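Please examine the sequence and the model before turning to the numbered points.

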Amino acid sequence: MLTIIKNIKKLVQVEQKIKLKVSGKEMAKINTIDNAFLFIRDHLIADFGSMKDLDLSKIYNETNEIIEIDASGKMVFPSFVDSHTHLVYAGSREIEYMDKIRGLSYEEIAKRGGGILNSARLLHKTSEDELYQQSLKRIYEIIKQGTGAVEIKSGYGLNPQDEMKMLRVIKRLKETTPVQIKATFLGAHAVPVEYKQNQTEYVDCVINEMIPMVAAEELADFIDVFCDKGFFTVNDTDRILMAGMKYGLKAKIHANELANSGGIQVGVKYNALSVDHLEYVGDEEIKVLLDSETMPTILPGAAFFLGMKYSPARKMIDAGLPIALASDFNPGSSPTGNMKLMQSFGCINYKLLPEEVINATTINTAYAMGLSEEVGSIAKGKIANVFITKEIPSIEFFPYAFGSDLIDMVILNGKVI
Ligand code: NIG
Ligand code: FE
């Protein structure tokens, strides 16, 4: 099947040669083509260029079955890649939202048995099919908002059966939806109540029971640990990442959200694909990241929603680091997967340029999922995941109009959704 999008006002983030990620000053650069066409064959990007170079008769010689889309006045962007979500969860937690409004902190809510443990209780009571149905709705919500690839974590099970239930739901979503999905095993998300007095025993259970089960059914691509003050220690994290590595699970971890926890260092030690959150980052952490291949990932929705201090993103980019921005879509700290909103937060709260947030929500998040050869930019041979905007005056208008839905049409795997 052939699809041609023509008269595109601006085709955004085109690449002749695929880059795996962009860092430092390079983050402020985006290649574009004005008055462009984009040619899709089957599920891949086949060609693109300026309208003056488009020879439609040549294409019609190949076949008559061509879908032509006129994008006059509109722009085409590569779909968002969301490299950090917990979008498989049961129910919602707006009661804690009220607690937060009344002044309780994230840690206080967690200590009272709220937070992640509250979601774990709800998930335990929910059937696998019901969990799938609830999660499917969220997938279609983010598709409409422009996301084409998403990472999803377990971590609301906290026992072998319920963790497996979550991962099977993620597998089913992989098989039944048009987005690219990567699954991350996050058994060490919180310590369940029954292990409160013996955290090490729970870590042993993650290592000796859960990881082998997950690996036997090939349910996870990556492994994660919430390495932070009040959650899992550097030593716990080290043990879990080592065990995951033995089963080929690459690390992507929650780090430095609540303190300079050493999470970044242990993540880098295991050559993690990404370290995520990063509210607490000093010169020492920046130096460690500069000597690594790990993608520093900021979750602006969580920092906004919890009223936390903001990660020093500007400082990190100015030091030469790459930055990725992901949604953290979850019921406790970021109940949205809207990546356009993450771009706006990136600009306003972290002083990033529109070009920087575009790179941070596409190619760099693709890197953080090990997918930057497949998605994250407009390049020949990449998967045809793009969205067409409504009529907009400029690229900058996109993150600027932070409350507006500016997406007109979504194409995933070359098909209009
Ligand atoms: O990334 N920080 C740890 N975990 C999630 C929160 C999950 C929850 O509160 O349900 C996060 O923000
Ligand atoms: Fe998270």
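1. Glu151 and Lys153 form a salt bridge in which the closest N and O atoms are 2.8 Å apart. The term salt bridge denotes a side-chain nitrogen of Lys or Arg within 4 Å of a carboxyl oxygen of Asp or Glu. Both Glu151 and Lys153 are buried, where buried means under 20% relative accessible area, exposed means over 50%, and partly exposed lies in between (1.4 Å probe, protein chains only). In general, side chains of opposite charge can pair when their charged atoms come close.

2. A word on the basis of these values is needed. This is a predicted model, in which local features need pLDDT of at least 70 and side-chain atom pairs count only at pLDDT 80 or more, while totals for chains, interfaces and linings use all residues. Residues are numbered from 1 along each chain as its sequence is written, chains are lettered from A and ligands numbered from 1 in the order in which they are written, and side-chain values use heavy atoms, with hydrogens and water left out.

3. Lys153 also meets the side chain of Asp224 in a salt bridge (2.8 Å, N to O). Lys153 belongs to strand β7 (residues 147-153) and Asp224 to strand β9 (residues 222-227), so this pair ties together parts that are 71 residues apart in sequence. Helices (H or I, at least four residues) and strands (E, at least two) are DSSP runs, numbered from the N terminus. Lys153 has 0% relative accessibility and counts as buried; Asp224, with a relative accessible area of 1%, is buried as well.

4. How many salt bridges does the structure hold? The number is 21. One of them joins the side chains of Arg93 and Glu96 (2.9 Å, N to O), and both of these residues are buried. Elsewhere, a network of salt bridges links Glu128, Arg168 and Glu217.

5. The domain assignment divides the protein into domain 1 (2-78 + 378-416) and domain 2 (80-367); such bounds come from an automatic or database domain assignment. The C-alpha centres of domain 1 and domain 2 are 30 Å apart. In domain 1, 31 residues are in contact with 33 residues of domain 2, contact being defined as heavy atoms within 4.5 Å.

6. About 2,500 Å² is buried between domain 1 and domain 2, and carbon and sulfur atoms give 64% of this area. Buried area is the accessible area (1.4 Å probe) that two parts lose on being put together, summed over both. Of the area that domain 1 buries against domain 2, Lys21, Met27 and Pro399 supply 24%, more than any other three residues.

7. Across the interface of domain 1 and domain 2, the rule finds zero salt bridges, but it does find 15 residue pairs in polar contact (both at pLDDT 80 or more). A polar contact is a pair of N or O atoms within 3.5 Å; within protein, one must be able to donate a hydrogen and the other to accept it, and residues adjacent in sequence count only if both atoms are side-chain atoms. On the side of domain 1 that touches domain 2, the elements giving two or more residues are β5 (74-78), α16 (397-400) and β15 (407-412). Of these, β15 gives the most, with three residues.

8. The buried residues of α13 include Met339, Phe345 and Tyr350. At the start of α13, a side-chain oxygen of Asn338 comes to within 3.0 Å of the backbone nitrogen of Lys340. Lys351, which follows α13, has a positive phi, near 60°.

9. Two single residues complete the note. Thr177 is placed in the loop between α6 (160-176) and β8 (180-188) and is buried, with a relative accessible area of 9%. The side chain of Thr177 reaches the backbone oxygen of Leu173 at 2.7 Å. Ala313 lies in helix α12 (residues 313-318) and is buried at a relative accessible area of 1%. Not counting residues up to four places away in sequence, Ala313 touches Ile298, Ile323, Tyr350 and Leu352.
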